[in-house]
Amino acid sequence: MKQFIFRNSTVENLFGTTEVMYSGYNDIHTIDFDADLYIWFYMLPVKVNRQLLCEEIHSYYQDILYIREQIPSNKNLLVFTLQNFLDFKYLSGDFSVEEAVSSFNSQIAELAAKQANVKLIDFSRFTKKYASEQLIDWKYFFISKIQLNPKISKTFHEWFNKELDAIQLKRKKCIVLDLDNTLWGGILGEDGITGIKIGGDYPGNAFLMFQQFLIELEKNGVILTICSKNNEQDVLDLWEQNPYIMLKKEHIAAYRINWNNKAQNIRELADELNIGLDSMVMVDDNPSERELIRQLLPMVETPDFPEHPYLLPQFMNSLTSCFYIYSVTKEDLLKTEQYKANSERIRESKKYDDFNEYLKSLQIELKIDTANPFNISRIAQMTQKTNQFNLTTQRYTDTDILNFVEKGDFVYCLNVKDKFGDNGNTGCLILQKSENEREVIIDTFLLSCRILGKGIEMAFLNTVLNIMKEKGYKNIQATYIPTLKNIQVKDFYEKAGFELVDSGSGNKIYRIDLEIRTFQTDPIYEIKL
Amino acid sequence: MKDRILKVIKETFELNKVDETVSQKNCEKWDSMNHLNLVIALEEEFDISFEPEEIAEMKNFDDIQKIIEQKVR
């Protein structure tokens, strides 16, 4: 991904030189229009004259507005907030520089809230880890106009990549929690319901804060699960009887409270929730349990748990960075509800001998929308996060999706509901026009795992094929691009009646003739267009 | 000392092999940004701090070795 960086000092040590282009210092007029991503990274200028310094800061906002107008509207502009760690202050009551900096920062925050392609990066999240004399090494400043100390450039690089992942929606989805000495002090089986330490004085107050923090994560779309060696009944009783436990059963999407080995349990949790092991983070105070998971399930993240409860806040801070995203969608917020409803559906399915009867009883409703301002960010998110039922695994941002729409390509978003609840937007199909004007190409076809196993994929595809037929297209071309995770769909298009025309390059290319085929969807699905 | 310096140069510039003849003139990777990275890596390796004048003087392996020898002595 080619980046173009607007800067006012030497920053090659921070962003590197491969796939990165730089503006001149303070230059906003030479812009590379082929970049994929634009970044505004200005350091507070080194000026001993405070008035000149303030004037310069005040001019930045106009520069950013100018840049935004110049760059392609489908490309993102990341703007770093300004941080003041090196101004020269002559009067202790003079706050002019502080004011200029904070007014700039609120202006860009407002801009980012209004403009979808402007994103803010809070630079203070990095700088606050250091004292101001660590942030700048004047020797290097005078030798090569480097402002951020080159000795911390590696840490900066790592931090920035995490921020970038957050903006591109890559993140972990689920926490697997231990209980004893993790959510409270002491051991439930030995200390009893009233004997464990939660709330009140130290260390109970530290664990309470940790529980409240986890509840906030859950509100922001993180899935909470429990994997603990305990008697299940003891924990259920605790939830009922101890009023100080804030993190309750309703916050937990799924749990394994038993004496089986944790690797087995975590694997089961991943299956039950239909998420990848690599999207899970294990939080466990027991180093040998963490080691077991590191060896058996290395894709699960296993951060070290603090040795003292008073160190929990630092740990919380590092945990948020695993789950940090730029903003949440409605689907994220409903997730725990949906996962719980899913387990109910599974239980329900066992009641029916005939699978079709079961499907009928679910009263599945499929709503198919074209892309619109309300679902675009969700569509982009699905392309980023869906791995298993994803035929081509193309990753897109909001602006990419907008591009398809603007070019006249077809973007369909699937919403699935049944009697247990609303699954939200859980599928998407993107069809691109081809050079042959009677043909369209399926660029992306994906479904979220949580709605699989009900034949919805076929109903969705057939409905869209019919729409294409009605629009007068004669041919559809489709592709399967194999990845490590999408093997389950390798023969999907064969099953859907497509004809394999080429598989030479490892990818499978298909075609289907719309004219000689009719596409029927089973009446058990209620389709709404 | 010689081996430690060469190792730092090799790692900083990501070279396959390196010897005492290496200089800014004959090594493509030795540009101004990598020069700085090299200085920082050497400061860390030998736990020393170079003066700006010294940094400007380090044009080849011999220069580096001379400057470091003076410092660690």
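Predicted model: local features only at pLDDT ≥ 70, side-chain atom pairs only at ≥ 80, totals over all residues.

Residues are numbered from 1 along each chain as its sequence is written, and chains are lettered from A and ligands numbered from 1 in the order in which they are written.

A nonpolar core is a set of buried Ala, Val, Leu, Ile, Met, Phe, Trp, Tyr and Cys residues joined through C-beta atoms within 7 Å, where buried means that 20 or more other C-beta atoms, placed from the backbone, lie within 10 Å of a residue's own, and exposed that 12 or fewer do. The largest such core has 48 residues, of which I379(A), I401(A), C428(A) and L429(A) touch the most other members. Helix 18 of chain A gives the most to this core, seven residues, with helices (H or I, at least four residues) and strands (E, at least two) taken as DSSP runs numbered from the N terminus.

In helix 12 of chain A (residues 287-296), the buried residues are E289(A), R290(A) and I293(A). They lie on the same side of the helix because they cover an arc of only 100° around the axis, the arc being that of the directions from the helix axis to the C-beta atoms. The face turned away from this buried side carries the exposed S288(A), E291(A) and Q295(A).

Nine residues of chain A and five residues of chain B make the contact, two residues being in contact if their C-beta atoms, placed from the backbone, lie within 7 Å. Helix 6 of chain A supplies the largest share of the chain A side, four residues.
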